[in-house]
Amino acid sequence: QGVLVDTPRKKRWMQEHCAWVVICQERSPNKWLPARRTAVAPTTEEPASPTVPRMGGKLSLGGEVNPETLQRALEIYGSLDQRVHDLAEQFRVGQGIDVSSAKSVVSELAGVLEHHAAALVWLTRIKERDDYTAQHCINASILSIGLAHALDWDVRKVEYAGLAGLLHDLGKLRIDHEILNKPGPLTAEEYEIIKTHTTIGHELLVEEGGLPDPVTLAVLHHH
């Protein structure tokens, strides 16, 4: 994942071990696109669909990655996206955080991961510059819930992990926009300001109340 295939040896390894690959034209130094291949006549045996291997107790981190599951995952992701935007905007303008809404988002995510884990994990690769914080929070929550399940944590701790992932970067919404989105390198002073987002997020969530200590401490210590 994220490998530059720049030698014949790497290419051979990919051909021998990978059922399929995704090529990122934007990051590839070679911008040449091959002609689209025509479909091969089906064989008597269906090739296995790509899956994520089982990693532990309660949740099988499996599920096929195919157009149907990706479409469903996109629908789920999209429905959560607006709710997380609303949470982030409330936090940004100083209205605090709607803890019940945050818990609802995490609960919904935990419920759908069992059937769409593989596809949802693929969607965590989405990063839009103008929409980074909200998507990053959803992505962190998906991966945190999946990891907690794989470690066979109980339901309460899975929820804590999901909430911590969802809320961990909200302190950035109180950081000056010019610094947060500065295209060039940060000055030493600006970097110190960026580092305060963990403390800001923790203090505001503690002040708001309604969240367990493990969640607010994860926000404080996530770096």
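Of the 223 residues in the chain, buried residues make up 35%. The model is predicted, with a mean pLDDT of 77 for the chain. Its secondary structure comprises 9 helices and 0 strands.

**Overall architecture**

- Read from the N terminus, the elements follow the order α-α-α-α-α-α-α-α-α.
- Among contacts between residues at least 6 apart in sequence, 65% join residues at least 24 apart.
- The accessible surface of the chain amounts to about 14,500 Å², and carbon and sulfur atoms account for 55% of that area.

**Model confidence**

- A pLDDT of 70 or more is reached by 77% of the residues.
- Over residues 44–61, pLDDT stays under 50. For this segment the model has 31 contacts beyond four places in sequence.

- Helix α4 spans residues 132–150 and contains L147.
- L147, L151 and W153 together make a nonpolar surface patch of about 300 Å².
- D152 lies in the loop between α4 and α5, the latter covering residues 155–167.
- The phi angle of D152 is near 65°, a positive value in a residue other than glycine. Most residues other than glycine have a negative phi.
- D152 counts as partly exposed because its relative accessibility is 43%, and the partly exposed class lies between the buried limit of under 20% and the exposed limit of over 50%.

Note on methods: Residues are numbered from 1 along each chain as its sequence is written. This is a predicted model: local features need pLDDT of at least 70, side-chain atom pairs count only at pLDDT 80 or more; totals for chains, interfaces and linings use all residues. Side-chain values use heavy atoms; hydrogens and water are left out. Patches are made of residues with over 30% relative accessible area and no salt bridge: like charges are joined within 9 Å, nonpolar side chains (Val, Leu, Ile, Met, Phe, Trp, Tyr) within 5 Å. Accessible areas come from the Shrake-Rupley method with a 1.4 Å probe; for residues, only the protein chains shown count as cover. A salt bridge is a side-chain nitrogen of Lys or Arg within 4 Å of a carboxyl oxygen of Asp or Glu. Helices (H or I, at least four residues) and strands (E, at least two) are DSSP runs, numbered from the N terminus. Buried means under 20% relative accessible area, exposed over 50%, partly exposed in between (1.4 Å probe, protein chains only). Contact means heavy atoms within 4.5 Å. pLDDT is the predictor's confidence in each residue, from 0 to 100.
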